[in-house]
Amino acid sequence: MEFLLENILNLVGFLVGLAIGIMSLVGFRNTGSPTLFRLTIAFLSISIGFLVVWAGYMVEDFIVKSGSLERWIQTVGIVIQTVGYFFIAFSHSIKSFFPKSRYFRSIGIMPLFLVSSVQIEHIFRSVSFILLAYGAIETILSYFENKNKGAISVATGLSLLALGEFLGWYSFVFPESLLYPISMAVRIGGLIALFIPVSKVPLTRIKFDKDIE
Amino acid sequence: MTEYRTHMKIIGDILYTTRDDLLDEEGVTVTYLIRKANISHSRISRILKTLVSQGLLEQVESDGTNKYKISNSGREFLQAYKTFSSFADNFGLTI
């Protein structure tokens, strides 16, 4: 059950991240917007992070057959995902603080350097939680300004991902409980909620223009 | 409180003005754009130069005055700008 959920989560995460990342890349290529560039990095990182963990499970299941995933593969995947979450939060901090404070932008990256090598996976889960919670709060605040209904779905998605990260981190304390499967189910729900408004963006009339760089 | 506009938003405002507010067939004047976009002459001059060089705006000289009107590439850019503004809005962001 846990293995199945883990595979569904990683595949959904890979596909949703890839779809939103490609959409952001098309937007960046057409408009040159730095915001869309940051979203491209964010979602392609999230996609690659999920892919790394999924590939780790596949290698373990079909080649190594050791019975448990190599810890470092899971850690690498989570670190790559955290970089993606960082870029989502980073985009919001630029919007919130720009153009007043370069200081806040410079310290935004600090959590990535304050980790030790001990239990690095759990440290990165907690960093992901903070970044996702920040992104969710900023997104819901933007809804109050713009009344864009898509923002509610994205904020819900980010909140569920944050809750999933929290439960995943907390399952470290109770390793045999249902917390980890629940955290995966919650994260799958979060990824789906994240994709709903993005799937409604009409891309049929957009084409690349070589003159626009 | 003054709303902060990104460089991209200012470009969008200029292109919308040249598309929607055509005073005559030859386009709109710099003075009109300054008033609508609410930015300084030196800044708008730099932006207009870039937009003309990238083919998003067409510059027409009429009675000794430079006028600007949107090109087909500019219209395509505006379509993309509108689509991806809405995309970024979903994330609570401004492009």
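This is a predicted model: local features need pLDDT of at least 70, side-chain atom pairs count only at pLDDT 80 or more; totals for chains, interfaces and linings use all residues.

Colleague: What's the phi of K147(A)?

Modeller: Phi there is near 55°, a positive value in a residue other than glycine. Most residues other than glycine have a negative phi.

Colleague: And is K147(A) buried or exposed?

Modeller: K147(A) counts as exposed, because it has 9 C-beta neighbours inside 10 Å, and the cut-off for exposed is 12 or fewer.

Colleague: OK, zooming out. How many helices and strands does chain A have?

Modeller: Seven helices and zero strands. Read from the N terminus, the order is α-α-α-α-α-α-α.

Colleague: How much of chain A counts as buried?

Modeller: 44% of its 213 residues. Also, take the contacts in chain A with a separation of 6 or more: residues 24 or more positions apart account for 69% of them.

Colleague: What about the largest nonpolar core, how many residues has it?

Modeller: It has 75 residues, and L131(A), L132(A) and A162(A) have the most contacts inside it. Helix α2 (residues 34-64) of chain A gives the largest share of this core, 12 residues. As background, nonpolar side chains tend to be buried together in soluble globular proteins.

Colleague: Which residues is L132(A) in contact with?

Modeller: If you leave aside neighbours within four places in sequence, L132(A) is in contact with Y85(A), L158(A), L161(A), A162(A) and E165(A).

Colleague: What's the mean pLDDT of chain A?

Modeller: The mean is 83, and 82% of the residues of chain A reach 70 or more. Over residues 208-213 of chain A, though, pLDDT stays under 50. The model has 14 contacts beyond four places in sequence for that stretch.

Colleague: Switching to chain B. What's the strand order in the sheet?

Modeller: The order is β1-β3-β2 (chain B), in an open sheet of three strands with antiparallel pairing. β1 (28-29) and β2 (57-62) of chain B are at the edges with a single partner strand each, so one side of each has no neighbour in the sheet.

Colleague: How many bridges do β2(B) and β3(B) pair over?

Modeller: Six, in the antiparallel sense. One example is E58(B), whose bridge partner in β3(B) is K69(B). The hairpin of these two strands has two residues between them, and D63(B) takes a positive phi near 55° there.

Colleague: And β1(B), over how many bridges does that one pair with β3?

Modeller: Two bridges join β1(B) to strand β3 (residues 65-70) of chain B, again in the antiparallel sense. T29(B), which is in strand β1 of chain B, stands opposite K67(B) in β3(B).

Colleague: What else does T29(B) touch?

Modeller: Not counting residues up to four places away in sequence, T29(B) touches T65(B) and K67(B). The C-alpha atoms of T29(B) and S62(B) are separated by 9.9 Å, and these residues are 33 residues apart along the chain. T29(B) counts as partly exposed, because it has 15 C-beta neighbours inside 10 Å.

Colleague: Last topic: how many residues does the contact take from chain B and from chain A?

Modeller: It takes 22 residues from chain B and 29 residues from chain A. On the side of chain B that touches chain A, helix α4 (residues 72-90) of chain B gives the largest share, 13 residues.

Colleague: How do the residues on that side of chain B divide?

Modeller: Into 11 nonpolar, nine polar and two charged.

Definitions and conventions
Residues are numbered from 1 along each chain as its sequence is written. Chains are lettered from A and ligands numbered from 1 in the order in which they are written. Two residues are in contact if their C-beta atoms, placed from the backbone, lie within 7 Å. Helices (H or I, at least four residues) and strands (E, at least two) are DSSP runs, numbered from the N terminus. Ala, Val, Leu, Ile, Met, Phe, Trp, Tyr, Cys and Pro count as nonpolar, Asp, Glu, Lys and Arg as charged, and the others, Gly among them, as polar. A residue is buried if 20 or more other C-beta atoms lie within 10 Å of its own, exposed if 12 or fewer, and partly exposed in between; C-beta atoms are placed from the backbone. Two strands pair if DSSP finds at least two bridges between them. A nonpolar core is a set of buried Ala, Val, Leu, Ile, Met, Phe, Trp, Tyr and Cys residues joined through C-beta atoms within 7 Å. pLDDT is the predictor's confidence in each residue, from 0 to 100.
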